[in-house]
Amino acid sequence: MAALNNLTEHLEAFVDVTRSPTHHAESLRAIATSLEKSVLSINQLVVEMDMYLTTTDDVVRARGRILLLAEMLDYLKPKPLDNAVVNSLVGFFTAKLAEWRSVRGALTGCLALIKRKGVAGLVTAVDAEAVAKSMAQSVQVQSLALYDRKLCFELLECLLEQYPEAMINLGDLMVYATCEAIDGEKDPPCLMVAFHVVELLARLFPSPSGPVASEASDLFEFISCYFPLHYTHTKGDETSIPREDLSRGLSVDSLKCLKDCAVNYGVSRMKKHYEGIWSAIKDALYASTGTDLSFGLESLTSPGFEMGEIHREAVNLLQRLVKQDISFLGLVADDIRVKMIFDTISRYSRYEEMLDTSKLEVLVVSQILSVSARASVESCNTIFETFFVRLMNTLGIVEKTSSGDLVHNENSTVSTRLYHGGLHLCIELLTASKDLIPSSEEDSSTPESAQQSWCSIVNRFSVSLIEAFTSAVQSSNDDCSADAYLGVKGLLAMGMFRGGSSPVSRSEFEKILTTLTSIITANSAKTVKWELALKALVCMGSFIDQYHESEKAMSYMGIVVENLVSLVRSSHCSLPHPMILEATSEVCSTRPTYVEKMVQGFEEAFCSSFSDFCVNGNFKSIENCSQLLECVTNKLLPRLTEIDGLEKSLVHFAISMWNQIESSVVFSYDFNGREFVEAAMKTMRQIVGVASVDSQNSIIQKAYNVISSSTLPAMESIPLTFAALEGLQRDLSTRDELILSLFASAVIGASPMASFADVKSLIKLFMVSSLKGYISAAQALGSMVNKLGTGLEEACDTIFHESSASGNNTSSVDSSKSIGGSETLLAKICLGFYGSLDLQTRAITGLAWIGKGLLMRGDKRVNEIAHVLVECLKSTNSSGNALHPSALKHAADAFLTLMSDSEVCLNRKFHAVIRPLYKQRFFSITVPILESLIVNSQTPLSRTMLHVALAHVISNVPVTVILDNTKKLLPVILEGLSVLSVDSEHKETLFSLLLVLSGTLTDIKGQQSVSDNAHRIIECLVKLTSYPHLMVVRETAIQCLATLLELPHRRIYPFRREVLQAVTKALDDPKRRVREEAIKCRQAWTSISSRSTPF
């Protein structure tokens, strides 16, 4: 809850255009961090953004819907996303390129997605081509602001660099779009990117008869006018490009040019320039490297500091020169600053104690040496022979004898000499060398002498290095995360050598695993050290799987996987259960065999805890079961496509759940709350939803077997007569309620191709259960009538036509019999002919879910269900009486069930049969009927509930339907807003209806009707500005009043006084957001005068 409150604050800060850019950036960073750490889910973010997605304020909507989402993607570029999600997002942002109000967010979103590299969820070439085509056809670059124009050029640049083949398909269109974008551009920030775009185009289309050649004269005309370049920096001009940026661009181009020279001119011609080039490389590295070294979780697999373009090009040049000519390393080895690094390291034990100049020396020299080592095996040998032993001396791993020789002291205590600078340099060298070990295929072709030196050096000191890194981890505390970070990162580096030539023995590798695992199992709180150790283990597991390290896999299984899985099974683990579940699920997801082991452990843990609860009443055990099921649902199921064999394991887990329930014949204790039942239902529903049809059938068959061991079959024999149903109570035992709920969940998740034996008995079971008050049974009924094929008629006959109100069985041959007729028991219960109020409301709810299933598949029987529900809403229905207010409310809310999108059933995820335009058809049938009943309603309660039902239908139909019927709907919408605003009971429905009104105000299709009804709209909105029960209603009403200023002056000016009085009163609203909207609205309405143009 605290996280959601903070989210609301951050969303408000970002959307608020009056806040500073710093506040906007801080809000974005906070939201992105919550998403990255899984504190906040995407679903929660979308729910909280709902008001911004539907507001009538164009600026707020553009920032709250598109720009915020785009900025989130930019922050989360390294985070894996499902391919389907990426595809959907690309399509969304591509479509928004045509909307000028949303163009900045659309450009930002497209650019963030196109830039994604090396992570799961990349933009496809087809999508990239669609983005380029949409931009070329929809975006007028020169009509945009400077920042947006630069985004356009950067998007073109990125598309050409990363998707050249897709851009070739567009040919002339890309060249023409570039010409049009550059023509008239005058701002240096845009021109710098634009020039590069032209360069990329020329490389992409080199043919003399290609599209660039055909437009060459135009391109030359556009570009030549900028030469020669003269730079004048105007003081205080924020839009001009700073001198530093120009200098940076020149440095980057110079380094690239030197690299090209090295490649093309060769060693002999470059050698005489080595000293000058070495000096330039050093200058570039020292000038472009910061002193902030991150010790955070995100830096465990990266250098830990930002590397700008100059830094990257300097590193690339150095690596090219060393790889090309090993003699270049002589300059590195003889450099005075490189030689002095060990003295600098030994002066400071902790990184934060260093002067900035010393930090810079450590980071730059570490980069120089690691980059040089990474260039080749020969260069790595040279670097390790020259510097590594000296580094070991600095760390106390070797000692200098009286004769001056350095001798390895294997018994030395290194904990007092764990210099942070030395550990960082050591880690950089180890990380650089690990990729030089050949794979098993390359082993035979690599001379032994070529890989012997550096590898033997690391092997010589491996035991001591592991002890040093372990000591750093163990000496860390909450006040210093650097020790834990360097220790864990060092152990990770030592554990990531691949192949049979690894300098780290199997026993040493196992010691690393043991150390990291002990951190996980020993900490009772989620500390920085705990998170670092977990990430390191996950990285090592992925590494083992990627390089098929069979021996290491066995060690990992025995030390890490089995240890963690045993803790999941243990009932005496001191580690909080959610933490051990998180660690186990993360670690075991790295390899299919680990997944299988984990799910087996989860099965055993579930069975053990469930049995402990059933027999001994241990509520801690049932709480552990709930947490375990949540882990399966939230951690494993979303990764189904990433992990081979996961579906099979999860299906086995679902069947094990049924086995355990079957074996637990008697529950000695009832559940404490419904947390476990809800978690079990969600898990079962989602496992069945993702399983193959054969697996679904296996789970359903097992569920049938378990049902036979319960009292549930007795419910199938209950006749569907009033006499039999009148006394139904929610009286199932704890065990039977769980069985029923899980079986209903399995039915909900099943596909239309799944097999159900004895459909008639199953329908009767769910009908009786639904009338007992079990909502999951009603949802299962809806799912069955939606998905059944040949069994649909039998199911509908059982539901609607098997029994009459008198209790006599009737023939069900005539399937055309109206379910709203007098012979239908379910209809009579709904209409209040018989039964208690509880039975009546349950029947209405069940009928609503049955109707939803039929509606979505396009079955006309839903019209009869709608007829019954409408009858329930009348002042006096066919029973001769008005229904109880509670029954009326259930009948009105049934239309919400029919029209809204459900998360728990009857959706695409759970294989619902969905016929196109089903909502539109239901709208066209029911709205005229409800409108007529509202006109003829004789009681205030019936009239209110009819408005609620109509609001549910209108609010959930696609907006295009509303816009096509604005003239007809606007009066009834306004009346509905007036009726629903009387009390707080219908505040959410009121808000939904208000959003529909706001949509008509902002679309051109509804403008004429809005103009004709301006006086009524303003009167309604003025009242809602003081609605006390929901803040977003007041806020949206004020925004709508501001939107009305786009109407002709003669339509709105007569109401200026009333509006100003209302928004002036809103200036004292207790909520800041309402006050801010009131200020903007008041200013806008104050600005209009009687002298304004009347048309």
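The legends below describe close-up views of a predicted model.

Local features need pLDDT of at least 70 and side-chain atom pairs count only at pLDDT 80 or more, while totals for chains, interfaces and linings use all residues. Residues are numbered from 1 along each chain as its sequence is written, and side-chain values use heavy atoms, without hydrogens and water.

**View 1. The second largest cavity.** The structure holds 7 cavities of 30 Å³ or more (a cavity is a set of points on a 1 Å grid over the protein atoms alone where a 1.4 Å probe fits but cannot get out).

**View 2. Lining of the second largest cavity.** Met135, Ala136, Val139, Val141, Leu156, Ala177, Glu180 and Ala181 line this cavity; lining residues have an atom within 4 Å of a point. Helix 8 (125–138) and helix 11 (172–182) each supply at least two of the lining residues, and helix 11 gives the largest share, 3 residues. Helices are DSSP runs (H or I, at least four residues), numbered from the N terminus. By class, 7 lining residues are nonpolar, none is polar and 1 is charged (Ala, Val, Leu, Ile, Met, Phe, Trp, Tyr, Cys and Pro count as nonpolar, Asp, Glu, Lys and Arg as charged, the others, Gly among them, as polar).

View 3. Leu1047 sits in the loop between helix 53 (1031–1043) and helix 54 (1049–1052). Its relative accessibility is 13%, so Leu1047 counts as buried (under 20% relative accessible area, 1.4 Å probe, protein chains only). Leaving out residues up to four places away in sequence, Leu1047 touches Gln1007, Val1010, Ser1011, Ala1014 and Ile1052 (contact: heavy atoms within 4.5 Å). Between Leu1047 and Ala1014, the C-alpha to C-alpha distance is 8.4 Å, with 33 residues of separation in sequence.

Notes: On a 1 Å grid over the protein atoms alone, a cavity is a set of points where a 1.4 Å probe fits but cannot get out, and a pocket is an open set with protein on both sides within 12 Å along at least five of seven lines; lining residues have an atom within 4 Å of a point. Grid points are joined across faces, edges and corners, and a volume is the space filled by probe spheres set on the points. Buried means under 20% relative accessible area, exposed over 50%, partly exposed in between (1.4 Å probe, protein chains only).
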